[in-house]
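Thank you for coming, everyone.

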Amino acid sequence: MDFGKVMSSEEYKKAYLFLSNKCSKKELSAKEALIICSKYKLNIVGKNKLINELKKNQFIDHLRYANAFVHDRFNLYFWGKNKIRHHLMQKGIEDYHIAKAIESIDNEKYKNIAKQEALKKYKSLGSKHDFNSKQKILKYLSLKGFEADLSFDVVDLIID
């Protein structure tokens with residue numbers, strides 16, 4: 001039995017056109033594209049063929065996706081490297097591409113953003129110099145995805 005003939009070539013074309021159009025407007029990972037193409041009546045071989053063709057034609061590019069994701073999440077939402085890495089892994093991006101994209105973050109800017117986020121939290125707490133305030137700021141920075149060492153350094157600068 002030829003799997004290529006079992007799937008409707010018309011359905012495949014529709015899915016390809018839809019996904020290539022969607023990928024032209026917004027970066028998608030292969031995992032996201034696979035979820036989207038589930039609304040088409042394609043078997044698993046057809047879905048994999050579709051994803052591979054989108055990759056071959058550079059509609060899906062995980063390095064480009066990772067770079068765009070890192071840029072947006074860092075510059076617009078002020079996420080730390082841990083949170084960015086975790087979300088990219090959930091989207092099925094390979095470790096190599098994640099590491100490459102995270103390397104593009106300027107270290108000085110990264111430290112300044114961590115300090116800026118800590119100051120924002122500190123001011124929202126009423127600028128108290130106590131243990132609980134330190135803990136709340138550290139928790140906040142951790143939730144934003146900043147590393148523990150950097151968070152401790154930043155909190156020490158602000159509170160001490």
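Predicted model: local features only at pLDDT ≥ 70, side-chain atom pairs only at ≥ 80, totals over all residues.

Residues are numbered from 1 along each chain as its sequence is written, and side-chain values use heavy atoms, with hydrogens and water left out.

Let me start with the fold. The protein chain has ten helices and zero strands, where helices (H or I, at least four residues) and strands (E, at least two) are DSSP runs numbered from the N terminus. The radius of gyration of the protein chain is 21 Å, well over the 15 Å that the globule rule gives for 160 residues, so the chain is more spread out than a compact globule. For reference, that radius is taken over C-alpha atoms, and the globule rule is 2.2 Å times the number of residues to the power 0.38. Along its principal axes, the C-alpha trace of the protein chain spans about 70 × 25 × 25 Å.

How much of the protein chain counts as buried? Of its 160 residues, 38% do, and here buried means under 20% relative accessible area, exposed means over 50%, and partly exposed is in between, with a 1.4 Å probe and protein chains only.

Ile51, in helix H4 (residues 44-56), is buried with a relative accessible area of 6%, and its C-alpha atom is separated by 9.6 Å from that of Ser29, 22 residues apart along the chain. His62, which lies in helix H5, is likewise buried, at 7%, and the C-alpha atoms of His62 and Glu27, 35 residues apart along the chain, are separated by 8.8 Å.

Now to the salt bridges. In general, side chains of opposite charge can pair when their charged atoms come close. The structure holds six salt bridges, each being a side-chain nitrogen of Lys or Arg within 4 Å of a carboxyl oxygen of Asp or Glu.

One of them joins Glu32 and Lys91, with the closest N and O atoms 3.1 Å apart. This pair links distant parts of the chain, since Glu32 is in helix H3 and Lys91 is in the loop between H6 and helix H7 (95-103), 59 residues apart. Glu32 counts as buried at 16% relative accessibility, whereas Lys91 is partly exposed at 23%.

Another salt bridge is formed by the side chains of Lys134 and Asp156, at 3.6 Å from N to O. Lys134 lies in helix H9 and Asp156 in helix H10 (residues 148-159), so this pair ties together parts that are 22 residues apart in sequence.

What separates Lys120 and Glu117 along helix H8? They are three residues apart in that helix, and therefore separated by about one helical turn; their side chains meet in a salt bridge, at 3.2 Å from N to O. Glu117 is buried, with a relative accessible area of 1%, while Lys120 is partly exposed, at 45%. Both of these residues also belong to a network of salt bridges that links Glu117, Lys120 and Lys144.

Turning to the surface, Lys22, Lys25, Lys26 and Lys39 gather in a patch of positive charge. For like charges, a patch joins residues within 9 Å that have over 30% relative accessible area and no salt bridge. Lys26 lies in the loop between helix H2 (9-25) and helix H3 (30-36), and it is exposed, with a relative accessible area of 53%.

Most residues other than glycine have a negative phi. Phe78, although it is not a glycine, has a positive phi of about 60°; it sits in the loop between helix H5 (62-75) and helix H6 (81-90) and is partly exposed, at 23%. Ser127 also has a positive phi, near 55°, and its place is the loop between helix H8 (107-124) and helix H9 (131-144), where it is partly exposed with a relative accessible area of 37%.

Notes:
Patch = residues over 30% accessible without salt bridge, like charges linked within 9 Å, V, L, I, M, F, W, Y side chains within 5 Å. Areas by Shrake-Rupley, 256 points an atom, 1.4 Å probe, with all protein chains shown as cover. Lys, Arg positive; Asp, Glu negative; His and termini not counted. Charge placed at Lys NZ, Arg CZ, Asp CG, Glu CD.
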